[in-house]
Amino acid sequence: MRNLYRKPTNLHCNAGSKCSMFTVLWCLLGCLLLFHLHSNIDRKDREVEQVQLRVSHHPQLRELQEVELESIRIPSSKGKRSPRAAKRRPKRTTTLVDEFMDENSPLRHVFFPGKESAIEPLKTTRNDSYYYYPGRIWLDTDGNPIQAHGGGILYDEKSRTYYWYGEYKDGPTYHAHKKGAARVDIIGVGCYSSKDLWTWKHEGIVLAAEETNETHDLYKSNVLERPKVIYNDKTRKYVMWMHVDDANYTKASVGIAISNTPDGPFDYLGSQRPHGHESRDMTVFKDDDGVAYLIYSSEDNSELHIGPLTENYLNVTSVVRRILVGQRREAPALFKHQGTYYMITSGCTGWAPNAALAHAAESIFGPWETMGNPCVGGNKVFRQTTFFAQSTFVLPLPRFPGSFIFMADRWNPSDLRDSRYVWLPLIVAGPLDQPLEYSFQFPLWSRVSIYWHRKWTLPKG
């Protein structure tokens with residue numbers, strides 16, 4: 001029996017119907033959008049796959065991606081402990097971070113190995129040549145510990161030489177006042193040169209402290225941190241940017257210096273608060289097109305600011321963007337791969353180590369997405385403390401796309417001159433292991449991984 005209440009299923013639209021026209025147009029538009037989206041995703045997939053193939057097919061790079069694990073047993077609480085350490089952790093279980101921060105810990109040798117295991121390039125046997133040992137004392141060609149903390153590296157194409165600049169902290173550690181952070185008087189910016197990134201010659205202090213003028217930014221009782229140098233191709237000058245501050249960290253400014261040669265001396269030009277904002281931990285980044293950018297922690301370290309420098313690299317422009325707002329990140333280290341900008345940052349915990357985060361963006365101005373903790377290997381505590389270190393710089397290896405050196409400092413707040421360097425392989429390859437929240441597009445960025453190794457070497461070539 002026919003259902004008299006059944007509605008007809010055919011769509012009655014004559015040739016002049018607006019309904020038919022709109023339906024066809026929307027279908028075509030939808031198909032075009034889906035095709036465009038599929039093409040972008042497919043292109044990104046091919047790029048990621050090509051990078052993975054280039055990285056994974058090199059035997060030494062595959063070796064660097066092998067995970068090394070650590071198992072450290074915390075000793076019993078018997079014996080004499082540091083009064084500061086006892087006051088810092090009342091009535092709770094001792095952690096590895098507590099042991100790291102305690103200068104009297106029986107595990108001190110684990111985090112800060114003694115002089116007997118120092119890296120001595122001029123006295124090393126052939127089997128140990130060109131190997132990095134994160135956390136060990138690293139000697140220059142004069143046999144002295146390298147003093148280039150919080151630093152960065154410039155590759156000078158003219159001389160085909162690497163220059164490593166950093167804080168020269170070879171002085172006594174003290175506290176400016178009872179609640180003040182551990183500090184060393186400004187000595188200056190140390191500079192080291194190398195052809196192979198392993199054997200470093202001390203070129204001297206290329207920017208020295210001011211000994212007598214108490215009003216000078218670089219007066220010895222003030223603060224000079226995180227110096228970075230970039231080369232300006234137009235002016236042919238080497239330009240240094242750094243964090244300058246007073247002993248109480250209330251000045252919160254950047255200083256600028258300039259030199260005709262990479263090994264100095266650098267002439268100090270003055271300081272400023274960029275864009276009128278506080279500036280503490282900072283770095284500079286020179287893009288492929290020659291435009292340089294200043295990236296700095298601001299607003300009491302609650303956010304990062306980024307803005308381009310002028311053509312001569314001696315000032316900031318009026319353009320500035322706030323990024324990672326409210327995330328309280330510092331120690332930025334920015335690098336670029338396959339047209340994507342990446343950045344490693346640290347949390348704000350003073351001299352104590354904390355978990356690094358990796359970030360990525362299609363434009364240097366953002367939006368920046370957080371991709372999670374990039375650390376791989378060691379153990380859970382190693383990963384949550386960035387291997388007991390803090391980011392300072394990421395150095396690309398041009399002949400190995402997707403491969404970088406992650407440079408970090410293992411701070412020793414009880415004796416800052418004995419702070420160590422943690423250099424590890426950083427590789428950009430493989431899919432992300434956690435979802436991201438995108439506003440419109442669907443970028444398929446590669447994962448950033450920093451691999452823990454007690455001993456490692458660069459690929460040959």
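The structure is a predicted model.

We begin with the interior. In soluble globular proteins, nonpolar side chains tend to be buried together. Here the largest nonpolar core has 57 residues. Within this core, the residues with the most contacts are Trp-138, Ile-153, Trp-164, Trp-200, Ile-344, Trp-423 and Leu-426. Strand E23, which covers residues 420-428, supplies 6 residues to the core, and this is the largest share.

Leaving aside residues up to four places away in sequence, Trp-200 touches Trp-138, Ile-153, Trp-164 and Trp-423, among others. The list of residues that Trp-200 touches also includes Asp-140, Thr-141, Ser-193 and Ser-194, as well as Tyr-162, Tyr-163 and Tyr-192.

Next come the charged side chains. How many salt bridges does a search of the whole structure find? The search finds 17. One of them joins Lys-123 to Glu-120, and the closest N and O atoms of this pair are 4.0 Å apart. Lys-123 has a relative accessibility of 66% and therefore counts as exposed. Glu-120, at 29%, counts as partly exposed.

A salt bridge also forms between Asp-217 and Lys-251, with 3.4 Å between the closest N and O atoms. Asp-217 lies in the loop between strand E7 (201-208) and strand E8 (223-232), while Lys-251 lies in the loop between strand E9 (237-245) and strand E10 (253-259), so the pair ties together parts that are 34 residues apart in sequence. Are these two residues buried or exposed, or something in between? Asp-217 is buried, with a relative accessible area of 14%. Lys-251 is partly exposed, at 30% relative accessibility.

In another pair, the side chains of Glu-278 and Arg-280 meet in a salt bridge, at 3.0 Å from N to O. Glu-278 is partly exposed, with a relative accessible area of 23%, whereas Arg-280 is buried, at 13%. Salt bridges can also form a network: Glu-68, Glu-70 and Arg-454 are linked in this way.

The cysteines come next. A disulfide is a covalent bond between the sulfur atoms of two cysteines. A search of the whole structure finds 0 disulfides. Cys-191 is buried, with a relative accessibility of 0%. Cys-348 has a relative accessible area of 25% and is partly exposed.

The last part is a sheet. Strands of a sheet pair through backbone hydrogen bonds, either parallel or antiparallel. The sheet considered here is open and has 4 strands, in the order E12-E13-E14-E15, with antiparallel pairing. Which strands are at its edges? They are strand E12 (282-286) and strand E15 (321-323), and each pairs on one side only. On average, neighbouring strands of this sheet are turned by 25° against each other, direction ignored.

At one end of that order, strand E14 (residues 303-308) runs antiparallel to E15, and 3 bridges join the two. In this pairing, His-305 stands opposite Arg-322 in E15.

Terms used
Residues numbered from 1 in each chain as written. Predicted model: local features only at pLDDT ≥ 70, side-chain atom pairs only at ≥ 80, totals over all residues. Heavy atoms only, no water. Core = buried A, V, L, I, M, F, W, Y, C linked by side-chain atoms within 4.5 Å. Buried < 20%, exposed > 50% of the residue type's maximum accessible area, 1.4 Å probe, protein only. Contact = heavy atoms within 4.5 Å. Disulfide = S-S within 2.5 Å. Pairing = 2+ DSSP bridges. Axes fitted to C-alpha atoms, helices over the stretch in contact; angles between N-to-C directions.
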